[in-house]
Amino acid sequence: MSNLKKIISSAFNNQDPYGVADALISRVLDKYGISESALKNLSSDQKEKIRKITSELQSRINKTLK
């Protein structure tokens, strides 16, 4: 957990909201062993759920940084 806190802290210090989202999403995907090739094989519904979650996360990060 401390690694995640370091990632978030360093990303917020850079004031790059996309960097924060990228770092968090990459970390979660790595944690669950989801590779890029596995993402390509997801159903349309699964991809849409990921897009919605990612969009919500990005929105929250942007609000936090304002």
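**Ground rules.** I am working with a predicted model, in which local features need pLDDT of at least 70, side-chain atom pairs count only at pLDDT 80 or more, and totals for chains, interfaces and linings use all residues. Residues are numbered from 1 along each chain as its sequence is written, and side-chain values use heavy atoms, with hydrogens and water left out.

**Whole chain.** I find a mean pLDDT of 76 for the chain, with 68% of its residues at 70 or more. I count 4 helices and 0 strands, in the order α-α-α-α from the N terminus. Helices (H or I, at least four residues) and strands (E, at least two) are DSSP runs, numbered from the N terminus.

I then checked burial. Of the 66 residues in the chain, 11% are buried. Buried means under 20% relative accessible area, exposed over 50%, and partly exposed in between (1.4 Å probe, protein chains only). The accessible surface of the chain is about 5400 Å², and carbon and sulfur atoms hold 52% of that. These areas come from the Shrake-Rupley method with a 1.4 Å probe, and for residues only the protein chains shown count as cover.

Residues 24 or more positions apart account for 58% of them.

I picked Ile-25, which lies in helix α2. Ile-25 is partly exposed, at 25% relative accessible area. Leaving out residues up to four places away in sequence, Ile-25 touches Thr-54 and Leu-57. Ile-25 and Leu-57 are 32 residues apart in sequence, and their C-alpha atoms are 9.2 Å apart.

I moved on to Leu-29, also found in helix α2. Leu-29 counts as partly exposed, with 23% relative accessibility. Beyond its neighbours within four places, Leu-29 is in contact with Ile-34 and Leu-39. From Leu-29 to Leu-39 I get 10 residues in sequence and 9.6 Å between C-alpha atoms.

Where does Ile-34 lie? I place Ile-34 in the loop between α2 (17–31) and α3 (36–40). Ile-34 is partly exposed, at 35% relative accessibility. Together with Val-28 and Tyr-32, Ile-34 forms a nonpolar patch on the surface, with about 300 Å² of accessible area in total. Patches are made of residues with over 30% relative accessible area and no salt bridge; like charges are joined within 9 Å, and nonpolar side chains (Val, Leu, Ile, Met, Phe, Trp, Tyr) within 5 Å.

**Salt bridges.** How many salt bridges are there? I count 2, taking a salt bridge as a side-chain nitrogen of Lys or Arg within 4 Å of a carboxyl oxygen of Asp or Glu.

One joins the side chains of Arg-51 and Glu-48, at 3.5 Å from N to O. Arg-51 and Glu-48 are 3 residues apart in helix α4, so about one helical turn separates them. Glu-48 is partly exposed, with a relative accessible area of 37%.

Another joins Glu-56 and Arg-60, whose closest N and O atoms are 2.8 Å apart. Both residues lie in helix α4, 4 residues apart, again about one turn of the helix. Is Arg-60 buried or exposed? Arg-60 counts as exposed because its relative accessibility is 54%, while Glu-56, at 40%, counts as partly exposed.

Terms used. Contact = heavy atoms within 4.5 Å. pLDDT = per-residue confidence, 0-100.
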